[in-house]
Amino acid sequence: MKWLFGRRRDTPLWRDEFAISTADERYVNRRQFAKFLVLTSVGMFVGNAWILLRSWWRGEPVFLPATVGRVSELPVGGVKLFNYPGERDACILVRLAEDRFVAYSQKCTHLSCAVYYAREKGRLECPCHEGYFAIEDGSVLQGPPPRPLPKVVVERRGDDLIATAVYVRPQGTPA
Amino acid sequence: MNDSHGLPGEPEPFDRGVNPPPIQGRGLVSIDGALALIAVLLVVQMWLLTAALESFLAGHDEGALPATLISGAIAAAVVALYLFVSAVDAEVRRR
């Protein structure tokens with residue numbers, strides 16, 4: 001019964017049971033703040049080191065022939081997305097004419113946003129920063145992308161469309 | 001209502017910066033200056049990380065090594081400033 005009669009009349013019961021000041025709880029002194037800043041700085045250094053390691057270990061891809069679609073399922077002007085050469089390498093296949101197929105990496109060469117086929121304008125567009133690529137050869141038409149889209153070599157074998165390689169064109173190379 | 005912030009006789013946490021003694025005041029100025037410098041260095045380091053990530057995603061690898069070296073130097077400077085803050089803090093408290 002002490003919890004009922006032992007407290008002052010003007011103190012609510014919840015303050016007796018939770019005698020923690022919110023101001024004390026949220027108070028951060030200079031030393032704690034400095035520790036937080038140091039941890040943040042070390043974290044950003046680790047991030048930079050991670051980028052360095054990833055850039056060092058960016059291995060050369062191996063191109064194995066892979067079926068990426070069928071002619072019969074892709075109408076003229078149609079688009080099919082596929083992954084080549086790896087599961088995480090998104091690509092876009094476009095049927096331009098009855099017997100003409102083009103395929104490119106779907107990652108914009110600026111910041112890796114996914115490009116899409118703007119059929120009415122006849123070009124590939126990156127919605128992030130309005131980078132445009134020619135659908136015929138993947139060259140940059142406008143915007144910040146520094147180089148053409150990597151081109152996926154697609155061969156037609158009967159009804160199958162088979163990717164055999166990816167042609168990466170460095171900066172400044174004509175398409 | 002319990003409005004005290006600490007033990008009896010202990011200075012209130014929010015009153016530590018009000019009318020401090022001269023030595024403590026100089027120590028606080030040093031600590032605040034060091035913290036401000038750390039904040040500036042962090043902004044530079046954040047920009048560096050962003051630029052390195054953008055460059056990496058764009059397929060350029062040549063900037064990763066200098067960015068990491070500079071970021072490491074900044075992190076070392078921040079740690080040194082933190083040690084300075086701790087030393088000044090300990091010195092002020094000791095006096």
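1. Let us begin with burial. A residue is called buried if 20 or more other C-beta atoms lie within 10 Å of its own, exposed if 12 or fewer do, and partly exposed in between, with the C-beta atoms placed from the backbone. On that scale, 20% of the 95 residues of chain B count as buried.

2. A word on the model and its labels. This is a predicted model, in which local features need pLDDT of at least 70 and side-chain atom pairs count only at pLDDT 80 or more, while totals for chains, interfaces and linings use all residues. Residues are numbered from 1 along each chain as its sequence is written, and chains are lettered from A and ligands numbered from 1 in the order in which they are written.

3. Chain B by itself. It has two helices and zero strands; here helices (H or I, at least four residues) and strands (E, at least two) are DSSP runs, numbered from the N terminus. Two residues are in contact if their C-beta atoms, placed from the backbone, lie within 7 Å. Among the contacts in chain B between residues at least 6 apart in sequence, 60% join residues at least 24 apart.

4. Where the chains meet. On chain B, 34 residues are in contact with 30 residues of chain A. The elements of chain B that give two or more residues to this side are α1 (22-57) and α2 (64-94), and α1(B) gives the most, with 14 residues. By class, the side of chain B that touches chain A has 24 nonpolar, seven polar and three charged residues. For these classes, Ala, Val, Leu, Ile, Met, Phe, Trp, Tyr, Cys and Pro count as nonpolar, Asp, Glu, Lys and Arg as charged, and the others, Gly among them, as polar.

5. The axes of helix α4 (residues 30-56) of chain A and α2(B) come within 9 Å and cross at roughly 165 degrees. That crossing makes α4(A) roughly antiparallel to α2(B), a label for angles over 145 degrees, with under 35 counting as roughly parallel, 65 to 115 as roughly perpendicular and the rest as oblique. Axes are lines fitted to C-alpha atoms, for helices over the stretch in contact, and angles run from 0 to 180 degrees between N-to-C directions. The contact of α4(A) with α2(B) has 18 nonpolar, six polar and two charged residues.

6. The six-stranded sheet. In chain A, six strands form an open sheet in the order β1-β10-β9-β4-β3-β2, with antiparallel pairing. Strands β1 (66-70) and β2 of chain A stand at the edges with a single partner strand each, so one side of each is left without a neighbour in the sheet. From one strand to the next, the twist averages 35 degrees. Two strands pair if DSSP finds at least two bridges between them.

7. β2(A) and β3(A) pair in the antiparallel sense over five bridges, and the bridge partner of Leu81(A) in β3(A) is Ile92(A). Ile92(A) in turn has Tyr104(A) as its bridge partner in β4(A). β3(A) and β4(A) pair over six bridges and form a hairpin with two residues between them. Tyr104(A) also stands opposite Lys151(A) in β9(A), where β4(A) and β9 (residues 151-157) of chain A pair over two bridges.

8. The four-stranded sheet. Chain A has an open sheet in the order β5-β6-β7-β8, again with antiparallel pairing. Its edge strands are β5 (116-118) and β8 (140-142) of chain A, each pairing on one side only. The twist averages 40 degrees from one strand to the next. β5(A) and β6 (residues 123-126) of chain A pair over three bridges, and Tyr117(A) stands opposite Leu124(A) in β6(A).

9. Backbone spots to look at. Most residues other than glycine have a negative phi, and most peptide bonds are trans. A cis peptide bond joins Tyr84(A) and Pro85(A), with omega about 0 degrees, and Pro85(A) is in the loop between β2 (79-83) and β3 (90-97) of chain A. Ser112(A) is not a glycine but has a positive phi of about 70 degrees; it is in the loop between β4 (100-105) and β5 of chain A.

10. How exposed are Ser112(A) and Glu130(A)? Ser112(A) counts as partly exposed because it has 18 C-beta neighbours inside 10 Å. Glu130(A) counts as exposed, with 11 such neighbours. Glu130(A) has a positive phi too, of about 55 degrees, and lies in the loop between β6 and β7 (131-134) of chain A.
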